[in-house]
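Hello,

Here is the structure I promised to pass on.

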Amino acid sequence: MRRLGMIVGLSIAAVWALVPMGLAGKNITVKGSDTMIVLGQKWAEVYMQQNPGAAIQVTGGGSGVGIAALMNGTTDIANASRKIKGSEIEKAQKAGYYPEEFKVAMDSLAVVVHKDNPVNELSLKQIMGIYTGKINNWNEVGGPDKEILRYCRESSSGTYAFMKEEVLKNKDYAADCQTMPGTSAVANAVSKDPAGIGYGGAAYYINQPQIKILSVKKDDKSPAMNPVKSDGSLDYEATWSGTYPIWRYLYMYTGFKPKGDIKAFIDWILSQEGQKIVEEIGYIPLKQK
């Protein structure tokens with residue numbers, strides 16, 4: 001009885017520390033990146049079909065939301081389209097969690113405009129100029145005399161954070177950047193706006209006739225590279241080699257070194273079968289060694 005009282009009085013983090021990760025039952029919760037929501041749900045669907053005793057719930061909310069849920073003990077796995085921050089690791093450790101990182105797929109981020117926009121390519125410097133508010137008219141980058149309308153993701157999004165760190169070099173987004181709740185919302189906005197520009201996982205924009213995926217130059221001396229090949233498929237090699245400059249890993253994080261059912265699920269995701277689903281959904285599988 002005294003032992004029970006001690007456990008009831010413990011924090012969630014402390015209770016989970018007494019239970020090996022993945023051995024508390026076959027219910028697995030996954031939360032986080034909206035970029036990964038369709039991929040995560042497909043992984044869960046196929047895995048549960050093959051393992052009838054497993055129950056996996058996948059929800060979105062953004063990478064930051066998933067990592068926060070991991071730190072407060074309300075999810076087993078956090079999906080993230082960015083690396084966990086040092087400050088988040090510190091908060092997790094203070095709460096009794098020790099995040100483990102798993103690279104589970106790759107994603108090339110596309111910069112997109114309306115199909116009627118004559119601009120076909122931009123350099124990283126020009127993209128930074130547009131999104132920080134230094135470039136405000138399409139005629140500054142070879143386009144028509146139209147004010148640029150910027151669309152971006154919300155601040156809790158890993159895609160938002162990745163673009164800010166890697167492309168904007170940690171400069172602030174322009175104040176007039178219109179935030180969208182998901183990449184599909186960005187696609188919808190740009191498809192209706194001849195002066196618009198947006199970004200997001202390239203897979204979202206393939207086969208959308210109203211949208212043009214721009215080629216991107218690392219610098220003025222580099223060739224412009226497109227994340228999509230002429231046949232409309234993702235260019236794996238361009239991302240694996242880094243010749244297409246805007247790419248990232250997609251991650252899963254656990255609060256502890258995974259064991260049992262959670263380990264089995266992640267191992268399956270990293271297997272050839274799990275990586276095949278990455279291809280089917282439209283992302284880029286990890287390059288096999």
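D107 and R248 are both buried. In this predicted model, the two form a salt bridge, with 2.8 Å between the closest N and O atoms. D107 belongs to strand 4 (residues 100-114) and R248 to strand 11 (residues 247-254), so their pairing ties together parts that lie 141 residues apart in sequence.

That pair is part of a set: the structure holds ten salt bridges. Another one links D176 with R150, where the closest N and O atoms are 3.0 Å apart. Here D176 sits in the loop between helix 7 (158-166) and strand 7 (178-180), while R150 is in strand 6 (residues 149-153), so parts 26 residues apart in sequence are tied together. R150 is buried, at a relative accessible area of 4%, whereas D176 is partly exposed, at 40%.

R153 and E154 also meet through their side chains in a salt bridge, 3.2 Å from N to O. Salt bridges with shared partners join these two and D34 into one network. R153 counts as buried at 1% relative accessibility, and E154 is buried too, with a relative accessible area of 18%.

Now to the helices. The axes of helix 3 (residues 37-50) and helix 10 (residues 260-270) come within 11 Å and cross at roughly 115°, which makes helix 3 roughly perpendicular to helix 10. The crossing is right-handed. Helix 3 contributes W43, A44, V46, Y47 and Q50 to the contact, and helix 10 contributes D261, A264, F265, W268 and I269. By type, the contact residues are eight nonpolar, one polar and one charged.

Best wishes

Technical notes: Residues are numbered from 1 along each chain as its sequence is written. This is a predicted model: local features need pLDDT of at least 70, side-chain atom pairs count only at pLDDT 80 or more; totals for chains, interfaces and linings use all residues. Side-chain values use heavy atoms; hydrogens and water are left out. Axes are lines fitted to C-alpha atoms, for helices over the stretch in contact, and angles run from 0 to 180 degrees between N-to-C directions. Helices (H or I, at least four residues) and strands (E, at least two) are DSSP runs, numbered from the N terminus. Angles under 35 degrees count as roughly parallel, over 145 as roughly antiparallel, 65 to 115 as roughly perpendicular and the rest as oblique. A crossing is left-handed if the near helix is turned anticlockwise from the far one by less than a right angle, and right-handed if clockwise. Contact means heavy atoms within 4.5 Å. Ala, Val, Leu, Ile, Met, Phe, Trp, Tyr, Cys and Pro count as nonpolar, Asp, Glu, Lys and Arg as charged, and the others, Gly among them, as polar. A salt bridge is a side-chain nitrogen of Lys or Arg within 4 Å of a carboxyl oxygen of Asp or Glu. Buried means under 20% relative accessible area, exposed over 50%, partly exposed in between (1.4 Å probe, protein chains only).
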